[in-house]
Amino acid sequence: MQTRQFEATPRQQADHRGAPVVDLHGNVNRDSEPALTRAYDEAMSGGAETLLLNFDDVHYINSTGIAVIVGLVARARREGRAIAVCGLTEHYRTIFEITRLIDFMRVYPDEESALAGSAPAAT
Amino acid sequence: MTARLSKQTFRRAIRRRKADDITSTISEPEAAPRVAETPSIDIAPNDPLIAYFSSASGAVEIDRLELDSPALRELRAAGVSLVAPLVSQGELIGLLNLGPRLSEQEYSADDRRLLNNLAAQAAPAVRVAQLVQQQEAEAREHERIEQELRVAQLIQQQFLPKAIPNLPGWQIAAHYQPAREVGGDFYDVIELPGGLLGIVVGDVTDKGVPAALVMASTHSFLRADAPRLISPAAVLERANDLLCPSIPEQMFVTCLYAVLDPTSGRLQFANAGHNLPYVRSADGMRELRATGMPLGLMPGMRYEEKETVLEPDEIMLLYSDGVVEGHNAEGEMFGFPRMAAAMLGDVNGRQLIDRLLTTFSRFSGPGHEQEDDITLVALHRSATERTALAPRFEHEQPASNGAGAVLADFTVASEEGNEMIAMQRVTEAIGALDLAPAVVEKLRTAVSEATMNAIEHGNQNRAELPVQIRVLNREGELAVQITDQGGDMEIPETEDPDIDLKLAGLQTPRGWGLFLIEHMVDEMRRSSDGQQHTVELIVYLKGRVDADAAV
C-alpha cells in the first residue's frame, strides 16, 4: 500500500509560553511509535508540562495507533506531564471516548482553543 | 444585459431600496409614504461607479458626478438624486437610493448625517443577509447535485446485468465501480441463439444523469438487436444508426462488442472506438484490434469485424478508462504497461480483476477519489476444458433472494497494509446505500480492524493466503464477511482492554482490535468451518422491520 510516511513534527510556540505542539501527519498505527517518541522527546526537552498533539492532518488511526497513543499517555503520566489533543475528526473523537482515552487527556476542537486553554499549565 | 457583480445577491440589495420611503421618512414624515417600484439596476463589475462608491465617504449627490458610467445614467434616469453606498469591509454591497425631496428642497446636512448613519448600520446587516442567502443557495445547489448523483447511480445500476451466465468451461468475472460523479460506463452479457454469448463493454462520454440516460438507450438498442443480427459489426452499425438522431450533441459512446462461441472458443468482435481488449495467452499478451468510430457521432458508419480463438487458459480482459487513465497523487497515469503487467501470472479471471484493482489501489494511494467509473470484465477459458458440450446457461443467484445482493466480493493478500485496500473497496461498494457518514466511518474502522486480524492472526501474515471479503445487502442489514484461512484459531484477544490498567502498566497498551470492532457495528458474528474463519460485521439498515415492503 502506498501509504504516506507518518510524520510527527515538533513545534515550539514562538513566544515559548504556550505548550509545545507536535503536528501529526499521515496514518497513526504501530509504525508511528518511533517518530512519535522522538517528537515527544524533542518537544518536551525544554521542560514543558503539557504536550499538544495536533491531529489536523490525520485521517486514519487504527487499534495499533490507539495503543501507541496509550503508551505515550502512560509515559507522560509517569513523568507528571499531560497530553492534550486537538483536530480529531468526529469519528476518532468517538473512538477516544469509547476507549476512554478522553478521560486522560484534554481534547480541544482546534489548536487555537487548545493553546488558549493550555497556556496557564505551560508557563 | 450587464454582467452581475460577483455577489449574486447584489441586485437584490439594490432592488430593495425604496427611495421614496426614505425620502418621505426624512423630509416629510407626516406625508403618506409613496412607495414607487423603481427598476432594479445592475452595475457591471467594470463600471467606474463601483470604485467611486466603494471609497466614497458618505452620501453622494448623483447630479454632481462626472463619470462615464452606464449605471450612473440608469440611476439618473430612475430619478435618483442622492445615493448612500452600503460598504462592508471595503466592498460595495448595495446602495440606498433617494429621489428628490418631496418639498423640492435640497437635502440638509442633518438629512445626510442621518442617511450616513443609516447606511453605516445597514451595511453589515445587509451583508449578513446576503451571506445567509448565498449559503442557503449553495446548500440547495449541493443538495440538488447530490440528488442528481443518486439518480444517475440508480439508472446506472438498473442496467447492469442482474446475473452473469455460468458457462461450463468458462469463467466470466465482472467488476463495476462507479465514480462519485457517475461516469457512463456499462457492461452487459447477452445470451444469444445457438448457445452464443454476447459481451459488451462501453463508456458514454460525459457524466451524471445525461450520460446515464444515453447509456440506458445504448444498452437497450444492443439488447434488442444482438439476438437477431448476431454479427458484432452489424449490431454496432444498427446501434449507431438508432443512437445518432437522439444523442445530445458533444456526446458519444465507445463500445466493444464481442460474440463468443463457448464450444469452440471462437470470438468475433467489433469495436466502436473503445479500448482494445487484451488476451493473456501462454506466450504473452495480445491485443484484439478492430477499427470503428464511436457510436452516436455520424449515421451510416461501418465497423470492421475480426475474429480470434480463445484457447484453454487464455483470459480476455475488457475494460473502461477508469483504471488505465487513473492517476496517483503525483499526477502519474496508471497506463497500459502496469495493466498488462498485472495480467501476467497464473491467475483466473476473478483473481485477475482483484489483482488489477489491488495494483491500482496501491498505485493511486490512500484517500484517492476515483476519477472515473471502473469497469472490468474478464472472460477466462478453463485450462482443463476440452469437452465440446453444448453450453447450459446456469445462472448465479439473482440479487433479490434471501442471501442478499452481493455488493462486492474480493480478496486481498495477507500483507500488512492491505486492510486499507479492504476498507477502501468496502467503502466504494456501499457508496450507493446512502448511509450516514458516521456509520460509514465506523464500518470502515471495523473492516480495517477485522481484516488486520485476518491477515495477522488468521493467516499469520502469509502473503500467499487470501483474505476474502464479501459485502452483502440483505433484508434490513448490511453484512461484511471477512474470511481467513485460520480455521478454529481464536484471536488471542480475550481480555477486555482496560485503560486504567494499561496506563498503570498492568496491561499491554495493545489489544484494542476486537473491542473497537464490537463498538463500531451493530453486531459481530463469528463462524468457522474448521478451515476458514469468518467474522461478519452487521450494520442495521433503516426500515429494517419492513424491508420487504420497501423493496
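A: The mean pLDDT of chain A is 86, and 87% of its residues reach at least 70; pLDDT is the predictor's confidence in each residue, on a scale from 0 to 100. The model is a predicted one, in which local features need pLDDT of at least 70 and side-chain atom pairs count only at pLDDT 80 or more, while totals for chains, interfaces and linings use all residues. Residues are numbered from 1 along each chain as its sequence is written, and chains are lettered from A and ligands numbered from 1 in the order in which they are written.

Two residues are in contact if their C-beta atoms, placed from the backbone, lie within 7 Å.

Chain A has four helices and five strands, arranged along the sequence as β-β-α-β-α-β-α-β-α. Helices (H or I, at least four residues) and strands (E, at least two) are DSSP runs numbered from the N terminus. Of the 123 residues of chain A, 48% are buried; a residue is buried if 20 or more other C-beta atoms lie within 10 Å of its own, exposed if 12 or fewer, and partly exposed in between, with C-beta atoms placed from the backbone. Of the contacts in chain A with a separation of 6 or more, 69% are between residues 24 or more positions apart.

Towards its partner, chain A places 22 residues in contact with 24 residues of chain B. Helices α2 (63-78) and α3 (90-98) of chain A each supply at least two residues of that side, and α2(A) gives the most, with nine. The side of chain A that touches chain B comprises ten nonpolar, nine polar and three charged residues. In this count Ala, Val, Leu, Ile, Met, Phe, Trp, Tyr, Cys and Pro are nonpolar, Asp, Glu, Lys and Arg are charged, and the others, Gly among them, are polar.

Strand β2 (residues 82-88) of chain B pairs with β3(B) in the antiparallel sense over seven bridges; strands pair if DSSP finds at least two bridges between them. The two form a hairpin with two residues between them, and Gln89(B) in the turn has a positive phi of about 50°. Ser88(B) has Glu91(B) of β3(B) as its bridge partner. Because seven of the eight residues of β3(B) (residues 91-98) are buried, this strand is largely enclosed by the rest of the structure.

Elsewhere in chain B, Asp373(B) is found in the loop between α10 (349-364) and β14 (374-381). Asp373(B) counts as buried because it has 23 C-beta neighbours inside 10 Å. Asp373(B) and Gly183(B) are 190 residues apart in sequence, yet their C-alpha atoms are 5.4 Å apart. Leaving aside neighbours within four places in sequence, the contacts of Asp373(B) include Gln177(B), Pro178(B), Ser320(B) and Gly322(B).
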